[in-house]
Amino acid sequence: MRAPKILSIVLFWTCFAMFGQNKQLLYDFVEIPQSAMINPGVDTDFQWYAGVPLLSGMSLQAGSSGLSVNDIFANDGLDINDKIRDRAIYGMNARDELSGTFQIELLNFGFRGKNPDNFYTGGMYIEGDAIGYWFQDYAILAFDGNADKLNQPFDLGHLKTRGEMMNVFHIGLNKKIDNELTVGVRGKIYSSIFDFNSTKNQGTFITKEGVNNIYSSTIEADMQLRTSGLNGLKDAADDGTLGSTVTKRAFFGGNLGVGVDLGFTYQLSDQLVFTGSLLDLGFIYHSKDIKNYTLNGKETIEGIEIILPDAAADPDADFWQDLVDDIEDFVPFEDNADSYIAFRPTKLYGSLRYNFGEHVDNRANCACGVNASSNRARAKYVNSVGGQLYVINRPRGPQVALSGFYQRRFGNFMSIKTTYTIDKFSYSNMGLGLSLQAGPVNIYAMADNLLSYGNLADSNYASFQLGLNIISWGKK
């Protein structure tokens, strides 16, 4: 598979399969077992829980920081070519992005050990993560050309993208140290399905007046596209074995990696709680089904050179083919199968929560209260309010989101959490999460950016999460 086809796959994934990543509604929502997936040190009172396979946790989000569908296709009387030029080609910049993740839990469970201070978790989930920044100078060059942009350098570093899909196996320990502090750690094994990344590109393309021709073009590049698994998936699709190939890779048949999650919950007082977590501190070593492409060097070409009268004396000369041959020599393009290490996009969460109002009876098998001693789960309050921080490591630097939240509990039957989030996608992201408990059955659903649901085409961000679990608190 040549570089153009690989690049087409990369750009297709980047532009059409992007999902957001921040799970601010689920974070510290202690009534839901999946909150432990975002903070392994969450303060939990379950005796055990089991997620319904394939239904216990699903999340899907989509976001664009620079453009919405409505910006281009709205029926506003403007010419679509002008909108593409003004709002996309020149309206976006190299820091605008489409990015994020999807996640589907295949298995999730947890249980309390003989020592009631210890709570163990385990399971597996499939995850896809990708990001693509707007390749502004490439778009300008493709849309307007370079004839009237002499001496203007085009930045080849505007191409930055990465993506991956994998199955993740995990096992964790949540331990209550004392009445104030709960800590957690979770180990992970990543089983990669595919990976691509092109994030350290640099160089320029510039056109000037030529010496032997009208124009001369110079490229100085240090670029690389690394891929793992894409060629094998293409062959499997052609052979009709795509499903079995994906399954094999998801269960340790592909490239493997390791990672760790860390988290804590600290009671600053009876009503003030501080939490934090660090997720996906890990990497994958790619050594199978590798295909990398590099563009490295500096060259100048002046197009078709026709020297008269010598050219007229050779009627069999193919000037266009000579140009094609020159361009292939001109572009220092190579490919290789070198192994590489890809680090996961590490995520950081933090929150400060203030609880107030009446107490909610605790369902745990203990004599619980606000001032419960070690080994005891604290009673919950009816109301909680606070702020949350989210940071994810991205190719162009950390991406940050800030959220304020309010949570209301209606006994042990229902809990509602609302959030207001500010990030690069939106300054008006209102979210709502609902957890229902019917006996041992827990159902939760969450949605973000609710103010945009009147016109999703005009939205830069939308998401949902839902799941189904069976929970036990033990016998009273």
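The model is predicted. E105 is buried and has no salt bridge, and the count of aromatic pairs comes to 13.

**E105**

- E105 belongs to strand 3, which spans residues 97–112.
- The nearest side chain of opposite charge is that of K23, 7.1 Å away from E105; a salt bridge would need a side-chain nitrogen of Lys or Arg within 4 Å of a carboxyl oxygen.
- Two side chains make polar contacts with the side chain of E105: Q34 at 3.1 Å and N108 at 3.1 Å.
- Beyond four places in sequence, the contacts of E105 are Q34, M37, L54, L55, S56, G57, M124 and Y125.

**Aromatic pairs**

- The count is 13 aromatic pairs.
- F169 and F251 are edge-to-face, because their ring planes stand at 70°, with the centres 5.8 Å apart.
- That pair links strand 6 (residues 161–176), which holds F169, to helix 6 (residues 242–253), which holds F251, across 82 residues.
- F169 is buried at 16% relative accessible area, whereas F251 is partly exposed at 41%.
- F264 and F274 also pair edge-to-face, at 5.4 Å between centres and 65° between planes.
- F264 is in strand 10 (residues 256–267) and F274 in strand 11 (residues 272–286), so this pair ties together parts 10 residues apart in sequence.
- F264 is partly exposed at 26%, and F274 is partly exposed at 38%.
- One aromatic cluster consists of F46, Y49, F119 and W473.

**Charges over rings**

- R408 has its charged end over the ring of F410, 4.7 Å from the ring centre.
- K417 lies over the face of F405, 4.8 Å from the ring centre.

Note on methods: Residues are numbered from 1 along each chain as its sequence is written. This is a predicted model: local features need pLDDT of at least 70, side-chain atom pairs count only at pLDDT 80 or more; totals for chains, interfaces and linings use all residues. Side-chain values use heavy atoms; hydrogens and water are left out. Helices (H or I, at least four residues) and strands (E, at least two) are DSSP runs, numbered from the N terminus. Buried means under 20% relative accessible area, exposed over 50%, partly exposed in between (1.4 Å probe, protein chains only). Lys and Arg count as positive and Asp and Glu as negative; His and the chain ends are not counted. A polar contact is a pair of N or O atoms within 3.5 Å; within protein, one must be able to donate a hydrogen and the other to accept it, and residues adjacent in sequence count only if both atoms are side-chain atoms. Contact means heavy atoms within 4.5 Å. Rings of Phe, Tyr and Trp (its six-membered ring) pair if their centres lie within 6.5 Å; planes under 30 degrees apart count as stacked, over 60 as edge-to-face and the rest as tilted. A charge sits over a ring if NZ of Lys or CZ of Arg is within 6 Å of the ring centre and within 35 degrees of the ring normal.
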